[in-house]
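Hi,

Here's the structure I said I'd pass on. Have a look, and my notes follow below.

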Amino acid sequence: MTITINAAFDSGNIVVDAIDGTSARLSIRKDRDSDFFQWFHFRVSCAVGDALELAITGLDASAYPDGWPRYAARASYDRDCWFRLDTSYDAGTLTIRHTAESPVLYIAYFAPFSMERHHDLVASIAECEGVTYRCLGTSLEGQPIDCLEMGNGDTQVWLYARQHPGESMAEWWIEGALEKLTDPADPHARSLLKKCRFHIVPNMNPDGSCRGHLRTNFAGVNLNREWDNPTAARSPEVLCVRNAMDETGVDWAMDVHGDEAIPAVFIAGFEGIPSLKPEQLQKYKAFQTALAANTPDFQVELGYSESAPGKANLSMSTTQLAERFGAVSMTIEMPFKDNDDLPDPVAGWSPERSKLLAHACLATLDQML
């Protein structure tokens, strides 16, 4: 029997170059009007017991070739429980092997967070007591940029995710944050809602999410390089969010992402901004230290190098918000591989761990305030 492979669905991305029985040669479609590619998500139809061998080729030219060594593809039979597959990488080809236990198998770069789940999340949280919903604007393809707001305090906190749509762990993090903040029994949530006003944007790039992009919007634009000069023609998603931030001000901000190469959870800051204030940097460093104490899933040894004084890239949200508002802003990075400090051979880094990391981040913010 010959298998069939399809990616014509929400966030799907694969090109079928050849199929021979239960083996296939595949490649990844580039983001629209862009050279970025790394995200894949497709469905295999087969027979139970088929020995699948799926080779994704051309990856030496992908956005982050260093992300493939030691990486393992994720799979699910029910699109709810995701697990890692036997995966190897050599000379630009990622080879996935698996003996099928069901006639339909979904395979992805990381557990997807579908637009249907996004709309379910927004609808359910908007019904919670004390929550206000706002549509900040629309994407280039007309999708809403949803914002959920809650809390009665003076400290303005912005949480936002999926500027890079292929980093789906970011919206799992947001789901965890929203679940914690709307739990009336959670003491950290109750404390935070007295101190803060939260503005939460679960998905800043719905067009790229639907299209199976790794990093860009409909126009092939990397939204996290638009924050110094967003425009309605290129990056309305950033423009509407930044305009809303100008209305409220920003005291704390967390921009949630995934990193392809580094097998750890870490944060990146704003050390190189021109108007860096000592107390601003002190709060950021204190948050980093406290988060490492609060969860063993976070560490401070691995991460990005700091910008030289005055040399920060202000087109990125974390540095732009720190410079623009004097905010304590940060980029939270989770791994596509696994957390080497606490590896999980079955699931690797997972939606569940992403959500628990959000819980730890909010508990740490409560301590900081």
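This is a predicted model: local features need pLDDT of at least 70, side-chain atom pairs count only at pLDDT 80 or more; totals for chains, interfaces and linings use all residues.

Residues are numbered from 1 along each chain as its sequence is written, and side-chain values use heavy atoms, with hydrogens and water left out.

Now the sheet. β15 (residues 252-259) and β17 (residues 328-335) run parallel, paired over eight bridges (strands are DSSP runs of E, at least two residues, helices are runs of H or I, at least four, both numbered from the N terminus; pairing takes at least two DSSP bridges). They belong to an open, mixed sheet of seven strands, ordered β11-β12-β14-β13-β15-β17-β16. β11 (132-138) and β16 (266-268) are the edges: each has a single partner strand, so one side of each lacks a neighbour in the sheet. From one strand to the next, the twist averages 25 degrees.

Then there's Thr216, in the loop between α4 (206-211) and α5 (236-248). Thr216 counts as buried because its relative accessibility is 0% (buried is under 20% relative accessible area, exposed over 50%, partly exposed in between, with a 1.4 Å probe and protein chains only). Beyond its neighbours within four places in sequence, Thr216 has contacts that include Asp31, Phe36, Pro165 and Asn222 (contact means heavy atoms within 4.5 Å).

Cheers

Notes
Axes are lines fitted to C-alpha atoms, for helices over the stretch in contact, and angles run from 0 to 180 degrees between N-to-C directions.
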